[in-house]
Amino acid sequence: SIFLMKTLLLVAGGRGGSDFFRGLFDGHSQVLTFPGYLRINKDFQEMLNLNFPDQISKRFISLYPYFFNSRGNYWRGKYERHHRLGKKRNKFYKVNKKKFIKSFLKLMNKKKISKINIVKNLHIAYSIAKGDKKCEKKILFIHTHLVSWTKEFLKTVNPKDTSIIHIIRHPLASINSPIRAWLTFQNGDSFFPKELHFQLNLVFNGIFDLMKLKKVYIVQYEKLHWENEYVMRKFCKIFKIKYEKCLKSSTQLGLKWWGDKASKKWISGLNKNFKINIDKYYFFNRDLEFFQFLSSRIIKYYNYDFMFPRRKIYFNFLPMKCELLVWKNSFKHLKLKPIFSIPIFYLIRIFLFNKFTIQNKKLPYSIGSEKYMVK
C-alpha cells in the first residue's frame with residue numbers, strides 16, 4: 001500500500017550540497033524521490049494542466065529525459081555526472097519509459113485528478129518503473145532547489161502536509177563557493193551581476209523568504225559530514241521514518257555519485273574532515289568582515305565560527321572585489337545586458353544588503369543541533 005503522509009520540499013543554499021543530501025534518500029524504502037530537481041516553470045505547470053494521463057507522463061519524460069537514461073546526451077545529466085556513476089565512475093542508469101507510462105495510467109484511473117495527486121503518482125510510477133519493492137511510502141521528497149521554484153510549486157500544486165528543508169552552510173562559504181565555482185566553470189559564461197545578486201540574496205534573505213511559505217527546518221551541510229548519523233537519526237525521528245543504512249551514502253538509483261561538474265573534483269561520500277574554506281582571491285578583507293557582520297546572527301545561532309575580525313560595518317559603499325571580478329567577466333564575454341545591469345545591481349546591493357535591511361526574525365531549528373544550540 002502506498003500512503004503518503006508528508007511532502008518535503010528541499011531548497012538549496014549557496015552550493016550547499018542539496019543534491020548530495022537528496023541522494024542520501026535515494027535508496028530509502030519509505031521515501032519517494034526523483035534523481036534530480038524539479039524545474040517549477042511554465043513547462044511544468046502546463047504539464048499538470050494536460051487532460052490525459054498518457055499526455056502527462058510523456059510530457060514528464062520529455063521535460064526530464066535524464067531521469068530515464070542518464071547516459072543520454074542531456075546537458076543536465078552530464079552536468080550532474082549521472083553518466084559517470086558507481087565505484088569506477090563507469091555506470092549509468094536506465095528506467096523503463098513504457099512501464100512508467102503504464103503504471104502512471106493505472107494509478108491515475110484510481111484517483112481523482114488533483115495536481116498533488118498527479119505529482120505523487122508521477123513519483124510512484126517512477127518508483128515502480130525503476131523496480132522498487134512495494135512498501136509503505138511515508139514521504140514525498142521533492143527537490144524544488146530554488147526559493148522561487150518552491151514558491152511556484154506551493155502556489156500551483158498546493159500540497160497540504162508540507163514542510164521545507166533548507167540546506168545551508170557557513171554564510172561566508174555560501175557566498176564564496178558559488179562565486180568561485182561559477183566564475184571558473186565554463187570560463188564564467190553564466191555568472192554576471194544578476195547571478196551575484198541572486199547568491200547574496202539567498203544567503204541574507206533565503207531563510208526568511210522560505211519562512212513566509214511553510215514551516216522550515218534547517219540542515220547544516222557541515223554537520224551532515226561531521227555528525228552524519230546523529231543528524232540523520234534526528235531527521236528520521238522528526239519525520240517518522242526508519243533510519244536506514246542508505247542514509248550514510250549519496251547515490252543515484254543505487255549507484256555511487258561523485259558530485260557535479262562545477263566542483264571540478266570527484267568527491268563521493270561523507271568527509272569527517274570537511275573544512276570551511278574561504279578563497280580570499282575573490283574578496284577584499286573589508287568585504288569578508290562586512291559579510292560576516294551582516295550574517296552574524298546566522299553564524300552565532302547555528303554555532304559557526306567567526307572567521308575574521310569582528311568589526312561593525314553597517315554599509316559597504318565601495319565596490320567589492322567579487323563585484324569587480326563579475327563586472328570584468330561581463331565585459332570579457334561582451335554581454336550587453338549584464339554590462340548595462342552593472343550600476344543597477346551595484347545600487348541594489350548598497351540599498352538591500354546593509355545592517356538596516358537585515359531581518360531579525362527568529363531563525364528556524366537546525367536538525368540535530370540540540371547539543372550545540374545557541375539560545
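**Exercise 1.** Is Lys 155 buried or exposed?

*Solution.* The model is predicted, so local features need pLDDT of at least 70 and side-chain atom pairs count only at pLDDT 80 or more, while totals for chains, interfaces and linings use all residues. Residues are numbered from 1 along each chain as its sequence is written, and side-chain values use heavy atoms, with hydrogens and water left out. Apply the classes: buried is under 20% relative accessible area, exposed is over 50%, and partly exposed lies in between (1.4 Å probe, protein chains only). Lys 155 has 63% relative accessibility and counts as exposed.

**Exercise 2.** Find the salt-bridge partner of Lys 155 and describe the spacing of the pair.

*Solution.* A salt bridge requires a side-chain nitrogen of Lys or Arg within 4 Å of a carboxyl oxygen of Asp or Glu. Lys 155 meets Glu 152 at 3.3 Å, N to O. Both residues lie in helix 7 (residues 147-157), 3 residues apart, which means a separation of about one helical turn. Helices are DSSP runs (H or I, at least four residues) numbered from the N terminus. Glu 152, at 26%, is partly exposed.

**Exercise 3.** Classify both partners of the salt bridge between Arg 286 and Asp 287.

*Solution.* The N to O distance is 3.3 Å. Arg 286 is partly exposed at 27% relative accessibility. Asp 287 is buried at 0%.

Conventions:
Helices (H or I, at least four residues) and strands (E, at least two) are DSSP runs, numbered from the N terminus.
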